Structures are given as C-alpha cells and as structure tokens.
Amino acid sequence: MTNPAMNPVMNSVTSGKLAIDQLHIRLGRGERAFDAVRDISFTVEPGQLVCLLGPSGCGKSTLLGAIAGHLSSAAGSIRLDGDTVNGPHPDRGLVFQHHTLFPWKNVLDNVAFGLKMQGVKRAERNRRAQELLELVGLADFERSYPAQLSGGMQQRVEIARVLINRPKVLLMDEPFGALDAQTRLMMQQLLLQVWSSIRTSIIFITHDIDEALFLADRLFVMSAHPGRIIEELDIDFARPRSHQLVTSADFVALKARCLALLHPQRDMLSLERLSPLGMIHARQLRFAI
Ligand SMILES: Nc1ncnc2c1ncn2[C@@H]1O[C@H](COP(=O)(O)OP(=O)(O)O)[C@@H](O)[C@H]1O
Ligand SMILES: [Mg+2]
C-alpha cells in the first residue's frame, strides 16, 4: 500500500473537493413544509476528514442525503470537484448505521457487487474485493455470510463494499452508532487506518463528541433544528492518533467547548436533577438525552 500508482483502490488526494454554498433544505409539503437545514456553507478539501456534530433531529442525515444526491435543495449548491451534485453517483459512497449487505451473498460477492454492476470481470473484481477485505482486516472471512459476522465486522464489510467504487467522498451517517463501546473504539481506529491508505475525503456524522474529536481534521458543530453550522473547529492533534488522546488536556478543553455548544446553559437548567436513589418527585420526571 505504499505506492499510490500501484494501488488501484487509492484515490489521488487532488480529487474529492466538496463545496457547499448557502444550502437550504425544506422537507414536507404544503402547510407541513419546514426548514430542515438552513444557510449551510462549508468546504471539504481533498482527502480531509470532516465531522459533523449535532443534536438528534438537527438535520444531519438530511444534509448528508442532499450531498449523496437523494434530496434536492430549496436553495444553494453542492459541488464535488466543480461538478454540481444533482443525483446519486458512486463517487459519493454512503455508509449508514446499519449495513445494506445482501444476506444471500457471501462477503466477497457483497464487496465485489459494485464492480459487477460496472461489468468488471470476475477475476478482476474478486482481486480488488480481496484487496479491500485485507485493508479492513477481513481477509479470512471472504466466504462467510453477513449473518455469521459480528456487527463490527458487518460494518467493515459495508465500508469495503462502498470503497470498491473508489468514491471521491465517503459519507458516513453515524456508522458506529449501533455498536458496543469497545467495538466502536476499534472501528474508529480502523477507519483512520483505512483512510490513511485510501485518502478519500470523508464526511462523518455523529452526535458523540469524543468520536468527532478523535477522528476529525475539522469539526462543524450544528445547532438544534433547523440545523445551521454554529462553530467550525480545526482539530490539529497529531496523527496517527490513539485513544489515549481523549484524556489529554487539549482534548478535554475542546470537549468542554463542544458540550457547551450542544447543551446551552438554559437547556441544562430546565432538566431536573436525578436522585441516585430514584425519583422522589415522579411527576416532575423529565428525560435528558
Ligand atoms: N422525509 C421526511 N419528511 C418529513 N420530515 C422529516 C423527514 N426526514 C426527517 N424529517 C425531520 O427533519 C428533521 C431533521 O431530521 P434528520 O436529518 O433525520 O436529523 P438528524 O439526522 O440530525 O437526527 C427532523 O425534525 C425529522 O423529524
Ligand atoms: Mg440522522
């Protein structure tokens, strides 16, 4: 994986520039129409890993859906390497919280499927699928079926399945949100390793502050509904990163900043304190996310 020219899965870091300008998305119809995201402008440089952090319902998936080309905007533009996005295309690969693998196909055939659709011959598509499976640490599982794999392994296959199309930008919508805490940390590390080999641009959505700060080159914090970008942070921690980073003073300071942005003081005050012995005033019970 050292020579980009020899590696068919490696993108040039000169492609994958995403430019979003004054994007405004409305959802629903007629009287029920509402602004889902508003005045969104940002640029992702080729090969950059950008995290979008925001509370549930603020429009993160809507924004990603628009970048994927599944939703149209009411105003503004999305451009990838200068071309206006106006529909889905394999150069923008999507990974969701739950995999979209075919249960009846084995791991190798699932990963190779995108190439099959392009008419690539079996030997070549298997070779490229095996290369990606090695990259995500699943070389020994190519004959397994999705149901035989753990959740983390399924997501690794999913990532390989999307990367085989050589996307210019990888769009990830809370991809590790359904995994247990340990697996989630492992997957974050794996994603950074994969990304260091295939320097595709990544937009990674999460509502987990630690995850966002651990992964990102740049971090955009969104406001509650309708979503707007309320803060842009450059995350300069050295790479490769290890999870010890999360205990460093700089990390904790950034985390405090993000917490303050996501939970403004007035919201904190409106929440009841929960007693460790149980709720004494059950009528006043409210739920904190
Ligand atoms: N297809 C849809 N039609 C109407 N409202 C929707 C639709 N999809 C999402 N919404 C609403 O749009 C808002 C943003 O949703 P979403 O983008 O899923 O937020 P997030 O991913 O940040 O949790 C939410 O209020 C949600 O209920
Ligand atoms: Mg979402």
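The buried residues of helix 2 pack against helix 3 (122-135) and helix 4 (151-163) in this predicted model. Helix 2 itself spans residues 107-117, and its buried positions are Val107, Leu108, Asn110, Val111, Ala112 and Gly114. Just beyond the end of helix 2, Gly119 adopts a positive phi of about 85°.

**Overall make-up and confidence**

The protein chain contains eight helices and ten strands, and of its 289 residues 35% count as buried. When contacts between residues at least 6 apart in sequence are considered, 71% of them join residues at least 24 apart. The pLDDT of the protein chain averages 89, and 87% of the residues score at least 70. Among the elements, strand 7 (residues 169-173) has the highest mean pLDDT, 98, whereas helix 8 (residues 265-269) has the lowest, 51. Two stretches call for caution when the model is read, and they are set out below.

| Stretch | pLDDT | Contacts beyond near neighbours in sequence |
|---|---|---|
| Residues 1-11 | under 50 | 18 contacts, beyond four places in sequence |
| Residues 267-289 | below 50 | nine contacts |

**The antiparallel sheet**

Strands of a sheet pair through backbone hydrogen bonds, in either a parallel or an antiparallel manner. Four strands of this chain make an open sheet in the order 2-1-4-5, with antiparallel pairing. Strand 2 (34-44) and strand 5 (83-84) are the edge strands, each of them pairing on one side only. Within this sheet, strand 1 and strand 4 (residues 75-80) run antiparallel and are joined by five bridges, and Leu18 has Leu80 of strand 4 as its bridge partner.

Ile20 belongs to strand 1, which covers residues 18-27. Is Ile20 buried or exposed? Ile20 is buried, because 22 other C-beta atoms lie within 10 Å, and the cut-off for a buried residue is 20 or more. Apart from its neighbours within four places in sequence, Ile20 is in contact with Ile40, Ser41, Phe42 and Ile78. Of these contacts, Phe42 is 22 residues away from Ile20 in sequence, yet the two C-alpha atoms are 5.3 Å apart in space.

Strand 9 (residues 218-222) and strand 10 run antiparallel and are connected by five bridges, with Arg218 standing opposite Asp234 in strand 10.

The complete set of residues around ligand 1 consists of Leu27, Gly28, Ala36, Gly54, Ser56, Gly57, Cys58, Gly59, Lys60, Ser61, Thr62 and His225. Sorted by class, this shell around ligand 1 comprises three nonpolar, eight polar and one charged residues.

How values were computed. Residues numbered from 1 in each chain as written. Chains lettered and ligands numbered in written order. Predicted model: local features only at pLDDT ≥ 70, side-chain atom pairs only at ≥ 80, totals over all residues. Helix = DSSP H or I, 4+ residues; strand = E, 2+ residues; numbered from the N terminus. Buried ≥ 20, exposed ≤ 12 C-beta atoms within 10 Å, placed from the backbone. Contact = placed C-beta atoms within 7 Å. Near = placed C-beta within 6 Å. Nonpolar A, V, L, I, M, F, W, Y, C, P; charged D, E, K, R; others polar. pLDDT = per-residue confidence, 0-100. Pairing = 2+ DSSP bridges.
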